[in-house]
Amino acid sequence: EPKTIGQRGAFIVIEGLDRAGKTTQARRLCDKLYSEGHNIKTLRFPDRTSPIGKMIDSYLQSQTEMDDHVIHLLFSANRWEKAKWIEETLQRGYTIICDRYYYSGMVYSAAKHNPSLSLDWARAPDIGLPRPDVVVFLDLEPEEAEKRGGYGDEKYEKKEMQQRVRELFLGLLKTDGHEADMKVVNAGESVDAVGGRIVEKVEETLKKVAEGKSGVGKV
Ligand code: 2DT
């Protein structure tokens, strides 16, 4: 019998740097929770399938140029397209495992050093989105990422950019927003070890949600 009947699901976000293993770990977590009887849905941002997602994809592949603010707002709009679905799906008892969310939105845009695009400016359009119950940040040193075969060809996959993104992610932990609640996991270890750490963080959260101690909040 599914564990989640009559109870809302948990909203779990996996964040991190390129090459940190987010996609692999999200899939593993999905399999594990599913085998334990949870109802699961997965999600990833950017969701490149919608019309806005296709514009984002074209930008990331350097086929379209866009002002930094414009692409930022498209990434945010791409989340708003899914906001209602996220809320309804959680209420229906599904736990959602989401690969990237607005934390990536804030830090990748702020990492561009555009003087009119601060971290605060970057956060604003995401205010009001469903707030995750837990965010696991997979941290990886850029040197380690390079050892894993280097970066791909997309827009942000350059060493200096990744370095700034990492500093900004780690900086979020020291702010007074709830971004500071991210759980950091060292992604430099083996797939199994990292997976085990993620499960620890997630189980704590599932317990809180089951006990009604984690409200469905807003960003
Ligand atoms: P993937 O490689 O995970 O598909 O990400 N990004 C992502 C942003 O700049 N802003 C956002 O809001 C999100 C969700 C991170 C593609 C790239 O898009 C970046 C890497």
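1. A nonpolar core here means a set of buried Ala, Val, Leu, Ile, Met, Phe, Trp, Tyr and Cys residues joined through C-beta atoms within 7 Å. Buried means 20 or more other C-beta atoms within 10 Å of a residue's own, exposed means 12 or fewer, with C-beta atoms placed from the backbone.

2. Keep in mind that this is a predicted model: local features need pLDDT of at least 70, side-chain atom pairs count only at pLDDT 80 or more, and totals for chains, interfaces and linings use all residues. Residues are numbered from 1 along each chain as its sequence is written.

3. Start with the core. The largest one has 44 residues, and Ile12, Ile96, Val107, Val136 and Leu138 have the most contacts inside it. Its largest share, six residues, comes from H4.

4. Now helix H1 (residues 22–35). Lys22, Gln25, Ala26, Leu29 and Leu33 are its buried residues. After H1 comes Gly37, with a positive phi near 100°.

5. Last, the ligand. Around it sit Phe45, Pro46, Leu60, Phe75, Arg100, Ser104, Gly105, Tyr108 and Tyr156, each with its backbone-placed C-beta atom within 6 Å of the ligand. H4 (residues 102–110) gives the largest share of this shell, three residues.

How values were computed:
Helix = DSSP H or I, 4+ residues; strand = E, 2+ residues; numbered from the N terminus.
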